[in-house]
Amino acid sequence: MNKPVAVIGAGAVGKTCAADAKLAGQEVRLYDAMPFAEKSLAGLQRTGIELDGIQRNLYNFKRSGIAKIDVVTTDIEEAVKGAGHIVVAIPAIGHEPLFKSLIPVLEDGQVVNIFTDNFGTLLLRKMMREAGCTKKVIVGGWSSAPYGTRIETVGGFMFPHVGVKYRAITLRGATLPMTDADDFIEASKYLSCMDAVTQGDGAVKGDTVLDIGFSNINPVIHVPATILGVSTMENWGKIFGDFDKTGYSMYAHALCPSICEVQYQFYNEEIKLAEGIGVDLPRYSYESFFQRRSILAQEYMGLDKDGKDNMFLPLDLPTTEANAGPNSIHHRYLTEDVPVGCKVYHELGVQYGISTPIIDSMMVMAGAMLKKNYFEEGYSLDYLGIKGMDRATLLDYLNTGNYLGE
């Protein structure tokens with residue numbers, strides 16, 4: 001697929017995808033919407049984007065350099081016109097306004113990749129249906145972004161520099177409908193920001209886009225650890241720690257056996273939901289939860305021949321091998337992962353008669369801390385276009401695209 005790549009969103013993942021694809025030789029257009037673009041795109045046409053970092057992964061795949069992006073724009077049509085791959089790399093809260101502007105400029109034959117999906121495939125297909133859009137595009141989502149990456153910032157200034165902490169060697173993807181899934185997985189081989197996956201253990205076809213929703217490890221890791229580790233986070237840099245709030249790491253300083261047990265029970269509720277609905281999800285061992293990187297390490301380090309984590313960081317040893325943050329409860333680890341991930345899991349449980357007490361307790365606690373009612377706010381099955389569907393109708397829609405038997 002020798003066509004330009006349109007990257008939508010100029011945050012850490014978007015900038016990294018754009019730089020990575022350009023350094024690999026692809027033509028890249030980078031788009032962000034106003035008012036975010038005032039900061040996120042400032043000066044990039046002149047400076048390019050520098051990509052470096054540890055880039056840890058089992059196969060030592062690395063790509064570094066300064067990437068001069070072909071087109072840097074706030075005009076989504078300019079970004080998308082003639083593109084082969086469209087990479088959506090923005091938080092879930094931005095999906096609806098983005099999709100409103102994206103749908104009118106879609107072209108036949110394009111492949112939409114949502115990193116991380118966060119049920120964006122369901123929302124985009126619903127909005128396309130409501131807009132009467134019949135463009136022949138593949139719409140798919142991935143269980144995670146291809147990297148753990150951060151933008152370098154100092155005092156509020158955003159440098160044109162991204163540091164990649166790790167690269168995924170496998171990701172799980174699916175499409176709506178699943179009749180497009182094989183083409184989606186094959187097309188990912190021509191998307192250079194997926195090269196560490198393609199040349200690693202490869203992309204895995206999930207069992208419908210609900211599988212991809214359950215495969216997103218952010219809610220199961222982030223939410224319990226942020227809520228139950230809140231006292232460590234909020235006291236860090238005040239009465240203990242290195243007196244620099246940015247030095248706090250949920251992975252290094254909050255995780256402990258009791259929190260890991262809650263994460264494991266949260267995960268088992270996801271298993272019950274998936275099995276009760278009739279879809280699949282990745283399987284993790286009990287032991288994999290009880291380490292500093294939790295189940296995240298499998299994305300970039302994989303398992304050994306005996307099915308054990310290649311990189312196991314015990315809870316009883318100090319480590320710097322961890323992402324920094326969060327430094328506040330007003331962080332996507334709660335403000336996205338609760339109203340999107342947890343809320344959808346809860347609503348699926350209600351619709352299909354599957355109890356989710358651990359997930360529900362996380363919603364209660366996050367709501368108390370943030371003064372919100374997450375049983376009323378956030379994503380709903382109606383918002384995603386699947387409310388009231390029995391299991392057979394839902395699975396038919398996910399697999400064939402046949403909406404409510406029409």
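Visitor: Is Phe157 buried, exposed or partly exposed?
Guide: Phe157 counts as partly exposed, because its relative accessibility is 49% (buried is under 20% relative accessible area, exposed over 50%, partly exposed in between, with a 1.4 Å probe and protein chains only). This is a predicted model, where local features need pLDDT of at least 70, side-chain atom pairs count only at pLDDT 80 or more, and totals for chains, interfaces and linings use all residues. Numbering starts from 1 along each chain as its sequence is written, and side-chain values use heavy atoms, without hydrogens and water.

Visitor: Which strand is Phe157 in?
Guide: Phe157 is in strand 10, residues 157-167 (strands are DSSP E runs of at least two residues, helices H or I runs of at least four, numbered from the N terminus).

Visitor: And which residues make the nonpolar surface patch there?
Guide: Val154, Phe157 and Phe159 make a patch of about 280 Å². Patch members have over 30% relative accessible area and no salt bridge; like charges are joined within 9 Å, and nonpolar side chains (Val, Leu, Ile, Met, Phe, Trp, Tyr) within 5 Å. Areas are Shrake-Rupley values with a 1.4 Å probe, and for residues only the protein chains shown count as cover.

Visitor: What's the strand order in the open sheet?
Guide: The order is 4-3-10-9, four strands with mixed pairing (a pair needs at least two DSSP bridges). Strand 4 (65-67) and strand 9 (147-154) are at the edges with a single partner strand each, so one side of each has no neighbour in the sheet. From one strand to the next, the twist averages 30°.

Visitor: Which helix packs on that sheet?
Guide: Helix 1 (residues 12-23) does, touching strand 3, strand 4, strand 9 and strand 10 (contact means heavy atoms within 4.5 Å). The direction of helix 1 makes about 110° with that of strand 9; axes are lines fitted to C-alpha atoms, for helices over the stretch in contact, with angles from 0 to 180 degrees between N-to-C directions.

Visitor: How do strand 3 and strand 4 run?
Guide: They run antiparallel, with three bridges joining strand 3 (residues 49-52) to strand 4. Glu50 has Ile66 in strand 4 as its bridge partner.

Visitor: New topic: how many salt bridges are there?
Guide: The count is 17, taking a Lys or Arg side-chain nitrogen within 4 Å of an Asp or Glu carboxyl oxygen. One of them joins Arg125 and Asp180 at 3.9 Å, N to O. Arg125 sits in helix 6 (residues 120-131) and Asp180 in the loop between strand 11 (172-175) and helix 7 (181-187), 55 residues apart.

Visitor: Are those two buried or exposed?
Guide: Arg125 is buried at 15% relative accessible area, and Asp180 is buried at 19%.

Visitor: What does Arg172 pair with?
Guide: Arg172 pairs with Asp211, with the closest N and O atoms 2.8 Å apart.

Visitor: Last one: where is Val279?
Guide: Val279 is in the loop between helix 13 (257-277) and helix 14 (297-301). Val279 is buried, at 6% relative accessible area. Leaving out residues up to four places away in sequence, Val279 touches several residues, including Asp211, Phe214 and Leu395. Leu395 is 116 residues from Val279 in sequence, but their C-alpha atoms are 8.4 Å apart.
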